[in-house]
Amino acid sequence: MNSIKETHFNFPNQTAFYKGKVRDVYTIDNKYLAMVVTDRISAFDVVLPEAIPYKGQVLNQIAARFLEATADIVPNWVISVPDPSATIGRICEPFKVEMVIRGYLAGHAAREYALGKRQVCGEVLAEGLKENDILPEPIITPTTKASVGHDEDISRADILAKGIVSEEDYVQLEAYTKALFKRGTEIAAKQGLILVDTKYEFGKVGDQIYLIDEIHTPDSSRYFYADGYAERQAKGEPQKQLSKEFVRKWLIENGFQGKDGQVVPEMTPEIVNSISERYIELYEKITGEAFIKSENNNVVDRVYIAISEALNNM
């Protein structure tokens with residue numbers, strides 16, 4: 001299938017290009033960003049060899065929807081969404097931390113807990129918790145934002161002590177993070193989902209803080225199905241979830257966790273298609289609407305034309 005694995009555009013007044021793990025970002029006039037959400041997929045900070053059809057569209061459209069639905073809480077970077085797989089927005093100076101917030105003991109936190117650790121990013125976890133248990137209240141477990149390599153856990157105290165973020169700004173980031181998670185939890189609940197954990201990224205223009213990047217997508221968030229959660233938890237059964245965790249588990253089961261010397265298992269067409277279907281499932285479940293697949297022929301040309309026209313009209 002025709003997917004967006006990478007782009008090599010050259011727009012008028014383009015001043016820079018950045019290729020991230022899953023995004024191709026074009027700087028225009030040193031004022032705006034044209035971001036293409038490709039169909040690349042990463043896990044354990046490694047970009048996997050096969051692109052996943054429609055993944056970029058799913059992420060971009062969910063992010064656009066949630067950014068619009070939270071604009072009353074914090075302003076965001078988006079100016080327009082000219083294509084299902086692209087967004088144009090203002091350039092912000094990003095904070096060098098990602099604000100991860102967790103309402104349940106799942107994913108990375110659960111793996112750390114299983115190793116006997118009872119603190120994550122300075123947040124103390126009670127004894128006797130089981131994987132996927134709800135926490136007494138959501139906790140913020142920030143990570144450093146690495147340009148290359150792995151993001152690393154960091155505590156609030158270390159962020160302030162090292163001057164990575166000023167205390168005034170960090171207090172505001174915490175407040176925004178909690179409010180966004182509360183809103184995301186409420187929206188998810190209406191669709192029969194539990195927002196388990198997620199991450200938010202922020203930046204500044206002058207003194208104004210903006211929400212940047214994507215929010216509440218399967219790349220940045222973990223969802224459980226609410227129906228049957230309590231019963232599965234009581235029986236010690238795995239939770240039915242919609243997130244990228246199923247990709248990580250498939251990799252782990254096949255001997256890959258991003259460590260030196262490990263090889264990514266073969267991504268067969270069946271595996272690629274199943275991942276694509278899971279992303280589409282999440283879109284339909286979280287939005288309550290049918291996913292409309294964008295035109296899949298000459299998809300890269302389509303994105304280029306849409307961005308070019310939008311820039312010309314700015």
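## Helices on the sheet

In this predicted model, helix H8 (residues 299–312) lies across strand S2 (23–28), S3, S6 and S7, and runs at about 140 degrees to S6. The strands it crosses belong to an open sheet of five, ordered S1-S2-S3-S7-S6 with antiparallel pairing. At the edges are strand S1 (14–19) and strand S6 (78–83), each pairing on one side only. From one strand to the next, the twist averages 20 degrees.

Helix H1 (residues 55–69) also packs on this sheet, where it touches S3, S6 and S7; its direction makes about 145 degrees with that of S6. Within the sheet, strand S3 (residues 32–37) and strand S7 (residues 86–90) pair over five antiparallel bridges, and Leu33 stands opposite Gly89 in S7.

## Aromatic pairs

Let's turn to the rings. The whole structure holds twelve aromatic pairs. One of them joins Phe17 and Tyr26: the ring centres are 4.7 Å apart and the planes meet at 45 degrees, so this pair is tilted. Phe17 is partly exposed at 39% relative accessibility, whereas Tyr26 is buried at 1%. Both rings belong to a cluster that ring pairs build from Phe9, Phe11, Phe17, Tyr26 and Tyr304.

Tyr104 and Phe224 make an edge-to-face pair, with 6.1 Å between centres and 75 degrees between planes. Because Tyr104 lies in strand S9 (residues 97–104) and Phe224 in strand S16 (residues 221–225), the pair ties together parts 120 residues apart in sequence. Tyr104 is buried at 11% relative accessibility, and Phe224 is buried at 0%.

## Charges over rings

Two tyrosines are worth a look here. The charged end of Arg118 sits over the ring of Tyr113, 3.6 Å from its centre. Lys240 lies over the face of Tyr225, 4.3 Å from the ring centre.

Notes:
Residues numbered from 1 in each chain as written. Predicted model: local features only at pLDDT ≥ 70, side-chain atom pairs only at ≥ 80, totals over all residues. Heavy atoms only, no water. Pairing = 2+ DSSP bridges. Helix = DSSP H or I, 4+ residues; strand = E, 2+ residues; numbered from the N terminus. Axes fitted to C-alpha atoms, helices over the stretch in contact; angles between N-to-C directions. Contact = heavy atoms within 4.5 Å. Phe/Tyr/Trp six-rings, centres within 6.5 Å; stacked < 30°, edge-to-face > 60°. Buried < 20%, exposed > 50% of the residue type's maximum accessible area, 1.4 Å probe, protein only. Lys NZ or Arg CZ within 6 Å of the ring centre and 35° of its normal.
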